[in-house]
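Here are some short notes for your first look at this model. Keep the structure open as you read.

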Amino acid sequence: MTKTIKELNTHYYLSIIVLAVLFLLVFFKAISFGTPFPVTTTAEMYAIGITLLAIPVALKLFADKIKKIPEGTEKNETVRCYRNAWLLRIYIVNTVTMGNIFLYAISRNNNFMWLAVISFIVYMFCKPSHQDLENIVQEDKNVE
């Protein structure tokens, strides 16, 4: 279990660091995609909608996948299910964050910057927890 949590922590911190560095490079105009072009209101609405929909879906999907681990599942299988559910959640959040950073980079529209900031706040709710994983494994053991 400790090995899995270390691996997930590596994914977690690496995701935050890479995306934060990319965001800061774009924010301070160290990376440029040429002349910014205006984004239509429709594109803005879809970006806002996708961001506001994907974040709770990712968090809820993780919780549902954890709840659906069959009772009496062996420890290794439970850890594998937790790992897969956690990776799915973090990469959904990564995709949304990356999309907002990219849209901000090509348009310089502050709405996308704020959506990226909101996406970074979501990472606080995604940190892998050794205690949670231990509790899930213990629940499966108690059922047997």
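Where is R108 found?

1. R108 sits in the loop between α3 (75-107) and α4 (110-122). Bear in mind that this is a predicted model. R108 has a positive phi of about 60°, although it is not a glycine. Its relative accessibility is 22%, so R108 counts as partly exposed.

2. Now look at K29. This residue is not a glycine either, yet its phi is positive, about 60°. K29 lies in the loop between α1 (2-27) and α2 (41-67). With a relative accessible area of 61%, K29 is exposed.

3. Next, the charged pairs. Side chains of opposite charge can pair when their charged atoms come close. The structure holds three salt bridges.

4. One of them joins the side chains of E7 and R83, at 2.7 Å from N to O. This pair links distant parts of the chain: E7 is in helix α1, R83 is in helix α3, and they are 76 residues apart. E7 is partly exposed at 28% relative accessibility. R83 is partly exposed at 25%.

5. D64 and K60 also form a salt bridge, with their closest N and O atoms 3.3 Å apart. The two are four residues apart in helix α2, so about one helical turn separates them. D64 is partly exposed at 26% relative accessibility. K60 is partly exposed too, at 46%.

6. E77 pairs with R80 in a salt bridge, the closest N and O atoms being 2.5 Å apart. Both residues lie in helix α3, three residues apart, about one turn of the helix. E77 is partly exposed at 29% relative accessibility, and R80 is partly exposed at 40%.

Conventions. Residues are numbered from 1 along each chain as its sequence is written. This is a predicted model: local features need pLDDT of at least 70, side-chain atom pairs count only at pLDDT 80 or more; totals for chains, interfaces and linings use all residues. Side-chain values use heavy atoms; hydrogens and water are left out. Buried means under 20% relative accessible area, exposed over 50%, partly exposed in between (1.4 Å probe, protein chains only). A salt bridge is a side-chain nitrogen of Lys or Arg within 4 Å of a carboxyl oxygen of Asp or Glu.
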